[in-house]
Amino acid sequence: MSRIAEVIVLAQSADEVMEPLTRYDDSRTWKGVFHAMAPGYGFGWGAEFVRMHSRSGLLRHLESLPWPRPETVQVLIHDEEDDCFGLWMIHDGKLVEVPLPRTRRGYWSGPYDDAYAPDPGILYRTDTRPIEWPEESEDGDRSRPSAW
């Protein structure tokens, strides 16, 4: 399924950690490369993914890296359906989405299907317009594996 997403990684002192991710590597579960946002500055890298399956496993890969300052790692993700970027940070060794004020992530209804990449949901702004929320189980559909 095609859903373009932009991913920005911000992390201090992370040139060495991010350098391998600036080259294509067919052995990774996710397919793509990051580009330094300000070459030589060593603080931000960006990538664009054009299909959901091409980004599967990205967050697991990023959280496994030996970050020199994991407390500074921030991953910003904007899926083409999202109203704004979502924020992920490392907590207890895992990249988790940090709830942003006046936003809510909704998931499409229906069971997860192995034929397609997992549904990342849609991050909605709750303060801009009325939203017809997708049908979902209580507290959202947490049964789906991470799309990232």
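## Salt bridges

Asp127 forms a salt bridge with Arg125 (a side-chain nitrogen of Lys or Arg within 4 Å of a carboxyl oxygen of Asp or Glu), and the closest N and O atoms of the two residues are 2.8 Å apart. This is a predicted model, in which local features need pLDDT of at least 70 and side-chain atom pairs count only at pLDDT 80 or more, while totals for chains, interfaces and linings use all residues. Residues are numbered from 1 along each chain as its sequence is written, and side-chain values use heavy atoms, with hydrogens and water left out. Asp127 has a relative accessible area of 36% and is partly exposed, a term that covers the range between buried (under 20% relative accessible area) and exposed (over 50%), found with a 1.4 Å probe on protein chains only. Arg125, at 32% relative accessibility, also counts as partly exposed.

A search of the whole structure finds eight salt bridges. Among them is the one between Arg23 and Glu19, whose closest N and O atoms are 2.4 Å apart; Arg23 is partly exposed at 44% relative accessibility, and Glu19 is partly exposed at 38%. Another joins the side chains of Arg69 and Glu71, with 3.1 Å from N to O. Here Arg69 is partly exposed, with a relative accessible area of 33%, whereas Glu71 is exposed, with 51%. Side chains of opposite charge can pair when their charged atoms come close.

## The chain as a whole

Of the 148 residues of the protein chain, 42% count as buried. Among the contacts (heavy atoms within 4.5 Å) with a separation of 6 or more, 61% are made by residues 24 or more positions apart.

## The rings around Trp30

Three aromatic pairs are found in a search of the whole structure (ring centres of Phe, Tyr or the six-membered ring of Trp within 6.5 Å; planes under 30 degrees apart are stacked, over 60 edge-to-face, the rest tilted). Trp30 and Phe34 form one of these pairs, which is edge-to-face, with 5.9 Å centre to centre and 75° between the planes. Trp30 and Phe49 form another edge-to-face pair, with 6.1 Å centre to centre and 70° between the planes. This second pair links distant parts of the chain, since Trp30 lies in the loop between helix H1 (15-18) and strand E2 (35-36), Phe49 lies in strand E3 (residues 44-49), and the two are 19 residues apart.

Trp30, Phe34 and Phe49 form one aromatic cluster; Trp30 and Phe34 are both buried, and Phe49 is buried as well.

## Lys31 and its surroundings

Lys31 has its place in the loop between H1 and E2, and at 29% relative accessibility Lys31 counts as partly exposed. When residues up to four places away in sequence are not counted, Lys31 touches Tyr24, Asp25, Asp26, Phe49 and Ser54. Lys31 and Ser56 are 25 residues apart in sequence, and in space they are 8.4 Å apart, C-alpha to C-alpha.

Definitions and conventions:
Helix = DSSP H or I, 4+ residues; strand = E, 2+ residues; numbered from the N terminus.
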